[in-house]
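Notebook open, structure loaded. I want to go through the helix packing before I turn to the pockets.

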Amino acid sequence: MKRLTISSLLAVSLLVGCSSSDDVIPDIPPSELYAQAQVSLQAGNWTSAIERLEALDSRYPFGAYSEQVQLDLIYVYYKNDDLALGLATIERFTRLNPTHPKADWVLYMRGLTHMAQDRSFMHDLFRVDRSDRDPEPARSAFKDFKRLLERYPNSLYAEDAQTRMYALKNRLADYELATADFYLRREAWISTINRCQELQRTYPDTEAARKSLTIMLSAYKELKLEDAIKRTEELIALNPQ
């Protein structure tokens with residue numbers, strides 16, 4: 001009797017584990033299901049909106065609401081911090097609809113989603129310096145926004161993309177500065193100088209570029225390169241922090 005009870009519980013748990021959002025959403029007309037999704041979306045109930053939109057997407061992949069459902073999913077995945085799903089949906093939508101009228105918005109959302117991947121809730125909460133973290137998502141976001149400006153210079157999202165590119169540029173420059181400082185602390189003088197020079201070439205108008213001059217000067221002093229020391233001191237005088 002005891003074994004039967006345990007077996008029954010296992011069977012129930014397996015059934016529950018295998019159920020999906022598509023199973024719990026009622027079988028109602030797509031128009032009604034989409035209306036429910038919109039109510040949830042407008043209320044900021046992202047989980048409910050996702051469940052209904054995913055049900056629509058799986059039940060009617062080529063239905064009348066197909067394109068709009070995918071666009072809505074891109075948005076709610078971003079709002080719900082389901083960033084990998086958001087990027088996958090963006091890739092799918094772009095592949096199937098390369099000339100869609102909202103292609104600029106999709107590219108903008110791609111940038112926002114990549115930018116969000118560079119964010120950490122706990123780091124934000126405790127104000128932890130993240131300059132030494134891998135900036136690959138930030139690089140991807142920068143490329144997305146740059147592509148948006150190149151392809152759709154008159155887009156409604158162009159101005160915001162430009163502003164975000166400025167912030168991302170500083171984020172990437174700060175990472176290069178943190179790397180140069182790491183090399184300096186490890187007494188890798190040549191690597192320090194090379195990293196500082198690359199930072200100054202790539203992001204010349206950033207605070208990090210100005211700060212890198214001091215780091216570079218320290219490396220030059222360790223190597224006793226008098227001409228380079230003098231030249232760098234002059235640059236520091238012309239670019240006070």
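**Helix 3 and helix 5**

I started with the handedness here: helix 3 passes helix 5 in a left-handed crossing. This is a predicted model, so I am reading computed geometry throughout. For helix 3 (residues 30-42) and helix 5, I get a packing angle of about 25° and axes 12 Å apart. The angle is under 35 degrees, so helix 3 counts as roughly parallel to helix 5.

Next I looked up who touches whom. On the helix 3 side I have Y34, Q38 and L41, and they meet Q68, V69, D72, Y75 and V76 in helix 5. Sorted by class, that contact has five nonpolar, two polar and one charged residues.

**Helix 5 and helix 6**

Helix 5 covers residues 66-79, and its axis lies 8 Å from that of helix 6, at an angle of about 155°. Parallel or antiparallel? An angle over 145 degrees falls in the antiparallel class, so I note helix 5 and helix 6 as roughly antiparallel to each other. The crossing of helix 5 past helix 6 is left-handed.

Which residues make the contact between helix 5 and helix 6? From helix 5 I list E67, Q70, L71, L73, I74, Y77 and Y78; from helix 6 I list L83, L85, G86, T89, I90, R92 and F93. Nine residues of this contact are nonpolar, three polar and two charged.

**Helix 7 and helix 10**

The axes of helix 7 and helix 10 come within 11 Å, and I get a crossing angle of roughly 25°. Helix 7 and helix 10 are therefore roughly parallel to each other. Helix 7 passes helix 10 with a left-handed crossing.

In the contact list, Y108, L112 and M115 in helix 7 meet D160, R164 and L168 in helix 10. I count four nonpolar and two charged residues there, with no polar ones.

**Largest pocket**

Then I went to the pockets. The largest one has a volume of about 230 Å³. It is lined by 13 residues, and the closest to its centre are T94, A103, V106, L107 and R151. Where does the lining come from? Helix 6 (83-96), helix 7 (103-117) and helix 9 (136-151) are the elements that give two or more residues to it.

**Second largest pocket**

How much space lies in the second largest pocket? I noted about 200 Å³. Its lining consists of P135, R139, F142, K143, K146, L172, Y175, E176, E198, L199, T202 and Y203. At least two lining residues come from each of helix 9, helix 10 (158-185) and helix 11 (189-202). Helix 9 has the largest share, with four residues. By class I have six nonpolar, one polar and five charged residues in this lining.

**Cross-references to keep**

Some helices turn up on more than one page. Helix 6 packs against helix 5 and also gives residues to the lining of the largest pocket. Helix 7 likewise pairs with helix 10 and lines the largest pocket. Helix 9 supplies residues to the largest pocket and to the second largest pocket.

Terms used
Residues are numbered from 1 along each chain as its sequence is written. This is a predicted model: local features need pLDDT of at least 70, side-chain atom pairs count only at pLDDT 80 or more; totals for chains, interfaces and linings use all residues. Side-chain values use heavy atoms; hydrogens and water are left out. On a 1 Å grid over the protein atoms alone, a cavity is a set of points where a 1.4 Å probe fits but cannot get out, and a pocket is an open set with protein on both sides within 12 Å along at least five of seven lines; lining residues have an atom within 4 Å of a point. Grid points are joined across faces, edges and corners, and a volume is the space filled by probe spheres set on the points. Ala, Val, Leu, Ile, Met, Phe, Trp, Tyr, Cys and Pro count as nonpolar, Asp, Glu, Lys and Arg as charged, and the others, Gly among them, as polar. Axes are lines fitted to C-alpha atoms, for helices over the stretch in contact, and angles run from 0 to 180 degrees between N-to-C directions. Angles under 35 degrees count as roughly parallel, over 145 as roughly antiparallel, 65 to 115 as roughly perpendicular and the rest as oblique. A crossing is left-handed if the near helix is turned anticlockwise from the far one by less than a right angle, and right-handed if clockwise. Contact means heavy atoms within 4.5 Å.
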